[in-house]
Amino acid sequence: SPNEVAAEAEPELTEPADEAALPSVAVVPVDPVDLLNAGPNRVSPSSIYRNDASQVARLSDGDFETAWNSQTMEPGATAPLFITIALPEDAQVQSFLMTVGYTKRSGGRDLFVQNMRIRHVRITHGADSFEADLDVDERGLQTIPVQGGGGEWRVELDAWVAGDREDYR
């Protein structure tokens with residue numbers, strides 16, 4: 001009968017294996033590492049304000065009082081700016097953390113509000129692409145989840161909002 005066939009096809013239940021007989025695997029949690037400052041890498045922005053090479057180091061110095069500035073953009077410019085990052089091949093990347101603008105306050109001026117702020121980014125690594133809308137009012141670090149290994153990563157800043165100062169482009 002059909003019931004007998006089904007009963008015969010069920011696997012036989014066995015007792016769980018003795019845990020002492022199973023090989024042990026050590027799982028060591030790894031805290032995230034700032035790959036831009038932890039080892040060999042290459043960071044190249046699409047442009048630098050006034051060709052000042054010290055601007056590049058400001059991309060990842062962790063100081064909210066400094067900032068990378070691209071070349072001045074013409075009003076209405078829409079071409080994305082980008083930052084290319086080359087990491088060691090054995091790196092494992094889980095996220096990018098970034099601010100959307102220059103967070104410094106100076107002499108009663110709020111440079112965050114006065115300058116342009118990044119609204120959208122596209123991050124590519126080989127054939128993989130990750131996109132994120134960013135909060136242009138958030139001054140802290142924003143996390144963009146990604147997944148990939150070492151090699152070249154490209155962060156395209158492809159949409160932004162203007163600041164209060166028209167001449168800050």
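These are my notebook entries on a predicted model of a single chain.

**Entry: overall make-up**

I began with the secondary structure. I counted four helices and seven strands in the chain. Read from the N terminus, the order is α-α-β-α-β-β-β-α-β-β-β. Of its 169 residues, 33% count as buried. The accessible surface comes to about 11,400 Å². Carbon and sulfur atoms hold 51% of that surface. Next I checked how far the contacts reach along the sequence. I took the contacts between residues at least 6 apart in sequence, and 67% of them join residues at least 24 apart.

**Entry: the sheet**

In what order do the strands of the open sheet run? I read E1-E2-E7-E5-E6, five strands with antiparallel pairing. I noted the edges next. Strand E1 (42-45) and strand E6 (128-133) stand there, and each has a single partner strand, so one side of each is left without a neighbour in the sheet. Neighbouring strands of this sheet are turned by 15 degrees against each other on average, with direction ignored.

I went on to one pairing in detail. Strand E5 covers residues 117-125 and strand E7 covers residues 142-161. The two pair in the antiparallel sense over seven bridges. I also looked for the residue opposite isoleucine 123, and found valine 155 in E7.

**Entry: salt bridges**

I searched the whole structure and got eight salt bridges. I followed some of them up.

I then turned to arginine 122. Its side chain meets that of glutamate 131 in a salt bridge, again at 3.4 Å from N to O. Arginine 122 forms a salt bridge with aspartate 158 too, and here the closest N and O atoms are 3.1 Å apart. Arginine 122 lies in strand E5 and aspartate 158 in strand E7, so the pair ties together parts that are 36 residues apart in sequence. I compared accessibility with the cut-off of 20% for burial. Arginine 122 has a relative accessible area of 26%, so I put it down as partly exposed. Aspartate 158 has 19%, and therefore counts as buried.

Which residues are linked in a network of salt bridges? I listed Arg122, Glu131, Arg154, Glu156 and Asp158.

**Entry: a nonpolar patch**

I looked on the surface for nonpolar side chains. Phe64, Leu97 and Leu141 form a patch there. Together they have about 280 Å² of accessible area.

**Entry: alanine 67**

Where is alanine 67 placed? I found it in the loop between helix H3 (54-57) and strand E2 (81-98). Alanine 67 counts as buried because its relative accessibility is 11%. I set aside neighbours within four places in sequence and listed what remained. Alanine 67 is in contact with Gln55, Arg58 and Tyr102. I also took one C-alpha to C-alpha distance. Alanine 67 and lysine 104 are 8.7 Å apart in space and 37 residues apart in sequence.

**Entry: glutamine 114**

My last stop was glutamine 114, in helix H4 (residues 111-114). Is glutamine 114 buried or exposed? I noted a relative accessible area of 14%, so glutamine 114 is buried. Again I left aside neighbours within four places in sequence. The contacts of glutamine 114 are then Arg109, Gly163, Asp164, Arg165 and Tyr168.

Conventions. Residues numbered from 1 in each chain as written. Predicted model: local features only at pLDDT ≥ 70, side-chain atom pairs only at ≥ 80, totals over all residues. Heavy atoms only, no water. Buried < 20%, exposed > 50% of the residue type's maximum accessible area, 1.4 Å probe, protein only. Contact = heavy atoms within 4.5 Å. Areas by Shrake-Rupley, 256 points an atom, 1.4 Å probe, with all protein chains shown as cover. Pairing = 2+ DSSP bridges. Axes fitted to C-alpha atoms, helices over the stretch in contact; angles between N-to-C directions. Patch = residues over 30% accessible without salt bridge, like charges linked within 9 Å, V, L, I, M, F, W, Y side chains within 5 Å. Salt bridge = Lys/Arg side-chain N within 4 Å of Asp/Glu carboxyl O.
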